[in-house]
Amino acid sequence: MSTVDRTAPARGEVRCERRADDTLLLRLVGNWRIYATAPVVTEVYQQLDASPAVRRLAFEAQELTGWDSRLLTFLRQVMEASTHRQIVVDQHGLPEGVRRLLALAAAVPELEGARRGAPRPSWLASIGTEVLASWKGAWEMVDFIGEAVLACLRCVVGAARFRRVDLVLFVQECGAQALGIVTLISFLIGLILAIMGAVQLRQFGAQIYVADLVGLGMTREMGAVMTGVIMAGRTGAAFAAQLGTMQVNEEIDALTTMGIPPMEFLVLPRMLALMVMMPLLCVYADLVGMGAGLLIGTGLLDMSLVEYVNETRKAVHLVDCGLGLFKSVVFGALVALAGCVRGMQCGRSAAAVGAAATSAVVTGIVWIIASDGLFAVLTERLGL
Amino acid sequence: MVPPPEPRITINDLTMAYGSFVIQRDLTFSIQPGEIFIIMGGSGCGKSTLLRHLIGLLSPAKGEVLYDGENFWTAAPEDRERMKRRFGVLYQSGALWSSMTLAENVALPLGEYTGLSPGEIRDVVSLKLALVGLAGFEDFYPSEISGGMRKRAGLARAMALDPDMLFFDEPSAGLDPLSSRRLDDLILELRDSLGATVVVVTHELASIFTIGDKSVFLDAETKTILAVGPPKTLRDTSPEPKIRAFLRRGDADATTAV
C-alpha cells in the first residue's frame, strides 16, 4: 500500500487528466475503502467517451492512502468499460497488490452457461407451472401412501427392517410425553362443551342432558379430533423436521446406499407408533373431557354424581366409543403420513426444513378435518 | 531477526476446557501481522477448539486472548463486536447459509456493516466471487454446487469485509490436490496483496510447508504446546520425535529433509 499523505482527502477521489498523446491518466487519490465515500464510475465513463478518442488508459496512485475492495470494484468496472471501447489499459501505475488481485479475479473466467438469467415468466406460464407442480405433488403423495402400505404389509409378515428400539422411542415420544398437553386441551374442551350446553339447556330446564352432550361430543368427535390436531402440531411437525434434517445431512442417502429402505426404517416405526398411541390418547382424552363435564354438572348445575354418571351411561354406547377410537387410528395414520411425506420431500436447506414442518402441520390438520367430514356423512348414512 | 514490537494476536497462558475436562493448558504464543500461522497436531488435540477461542466463539477457562494488545474477553461488548468485525472465518465445511444464494451469503455482512448501496454491494460480491474463481455463480444455492466450490464460496464470504485477520479451519479437507493447491496459492496471494494475518488449522503436510511462516504443534497427551516455530525448522531440527514423525509422515529418523 502506498505511503500516507497528510494533505490527501479522507475520502477517495479520482482525477482524470488528458495527456498530449491520446492517453487518459486516472490519478487515484485518498482513502479508497469500503467505509469511506468514493466517486461513481460514470464520471470516468464520460472521460472515456470524450473526443478526441482515448486510445490508452493509465493509472497513477502516488497519493493513494488506503484501498480495499472498493478500489478493486471501481477498477474492474473501468477496465471492463475500456476493453469494451477498445482502449488499451496500462496497469503499471497501480499498487502491486491491486494488480495481483485484479489478475486473480480475472484468472478463472466465468463458466459458460453458469450465470442464470432471470426471465420473468408470464402469468399464464406461472399458473401452468403451479398446476403441473401440484399434479406432480399429488402423484408423489399417492406414491408415498402406496409405499407406506406395502411397508406395513411387510411389517405384518415380519419382513420389515427397522430398529425395535426406535419404535419404543417413538411410542414414548408420541404417547407418554404427549399426556400433559392432551390432558389440558381435552379438559378445557370438556369444560367448554358443558358450559355451552348448560347455558342453552337450562332455558328448557333440561340441564340433565349436559351429560349426554359432553359424553357423546367427546367420544364421537372431540376426543379424536382434538388429539389428532394436537398430534399434528406436536408430532407431525417433529417427524417432518427430523426427516428433513436427515435429508439435508444426506443421512437418508446413506440408508439408501446401504440397501435399507428409508420407508421401512424411518417411516414405518413412526407410523406404527402414532397409530398405536393415538387410540390410547383418545380414550384418555374422552375420560378427561367427561370428567370436566362432571365437574360442571355437579358444581354448577346441582346434579348429583350418580345422576350424571347414569345419564352418561344411558347416552353413550359402545358404538360411539368404537367410532371415536376408529377415527383416532385413522387420524394417527394421516398425521404420521403427512409428517413423513413432507419430511422425505424436504429440500436441502434450513428454510426447506422449516417449510416441511409447516406443511406437515397444515396437511395433517386438513386431512383430519376432511376425513372427519367424510366420517360424519358415512355414519349418518349407516345410521351409526 | 528483530521481532516486530506489536503482535497482531497474542495468546497468554490460555487454558481451554469444556467444563472440568481440560483440552489444552498453558498455551502462550503470538502471531505477527502479515504472518501465516499454522495450528497443527494430531486429531482430537484441540486444534479447532483453539481456533474457536481465537475467533471469540469460546471463552477461555483461564488466560487471555489479545488483538493488537487489546484483551478480547475483558473488553466491553461493543468493543468486542468491533474486534470481531476484523475477523474473516472459513469454517470447515463452508457453513454457508443454505437458504441463501451465494451472492446473498456474501452480501449479508456488507449490507449489515457498510453503507454501500445495493448496486455497490453487487459489484463487491461479484469481485469476491471472481477472486475465488466462482464468477457467474451468484444465483446458485449452496446445495447446488460441489463441496470444493462451497469452501471457496465460504472464503468469499469470509473476505467480504476485507478483514485483516483470516482464520481457516481445515481449508484443504475434502478438496482434490489441485483445488487444495489453488486454495493455498489464494491464501498466499491474499496475505501478500491485502497484508492480512492468516491463521490456519490443518494437518495437510503439503499445505503446512507451502504456506506456513510459523506454526504451533499441540499435543493431545501432554495437553499443551510441544513446539513453536517455522514448520520446516521443526521438521529438520526439532528435538521432539513426535513432531518430526508428524511432519515426516511417521518417519522420525529420516536423516534428510523430505
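**View 1. Buried residues of helix α3 of chain B in the predicted model.** In this predicted model, helix α3 of chain B spans residues 102-113, and its buried residues are B:Leu102, B:Ala103, B:Asn105, B:Val106, B:Ala107 and B:Leu110. As a general point on helix geometry, an α-helix has 3.6 residues a turn, so residues three or four places apart point the same way.

**View 2. The side of chain A that touches chain B.** Contact between the two chains involves 24 residues of chain A and 21 residues of chain B. On the side of chain A that touches chain B, at least two residues each are supplied by α2 (69-84), α3 (96-107) and α12 (350-382) of chain A, and α3(A) gives the most, with six residues. Sorted by class, this side of chain A has 12 nonpolar residues, together with five polar and seven charged ones.

**View 3. The hairpin of strands β1 and β2 in chain A.** Strand β1 (residues 13-18) and strand β2 (residues 23-32) of chain A pair in the antiparallel sense over six bridges, and the hairpin that joins β1(A) to β2(A) passes through four residues. Within this pairing, A:Arg15 has A:Arg27 of β2(A) as its bridge partner.

**View 4. The two assigned domains of chain A.** The domain assignment of chain A gives domain 1 as 13-104 and domain 2 as 147-382. Between the C-alpha centres of domain 1 and domain 2 of chain A, the distance computed from the predicted model is 69 Å.

Methods
Residues are numbered from 1 along each chain as its sequence is written. Chains are lettered from A and ligands numbered from 1 in the order in which they are written. This is a predicted model: local features need pLDDT of at least 70, side-chain atom pairs count only at pLDDT 80 or more; totals for chains, interfaces and linings use all residues. A residue is buried if 20 or more other C-beta atoms lie within 10 Å of its own, exposed if 12 or fewer, and partly exposed in between; C-beta atoms are placed from the backbone. Two residues are in contact if their C-beta atoms, placed from the backbone, lie within 7 Å. Ala, Val, Leu, Ile, Met, Phe, Trp, Tyr, Cys and Pro count as nonpolar, Asp, Glu, Lys and Arg as charged, and the others, Gly among them, as polar. Two strands pair if DSSP finds at least two bridges between them. Domain bounds come from an automatic or database domain assignment.
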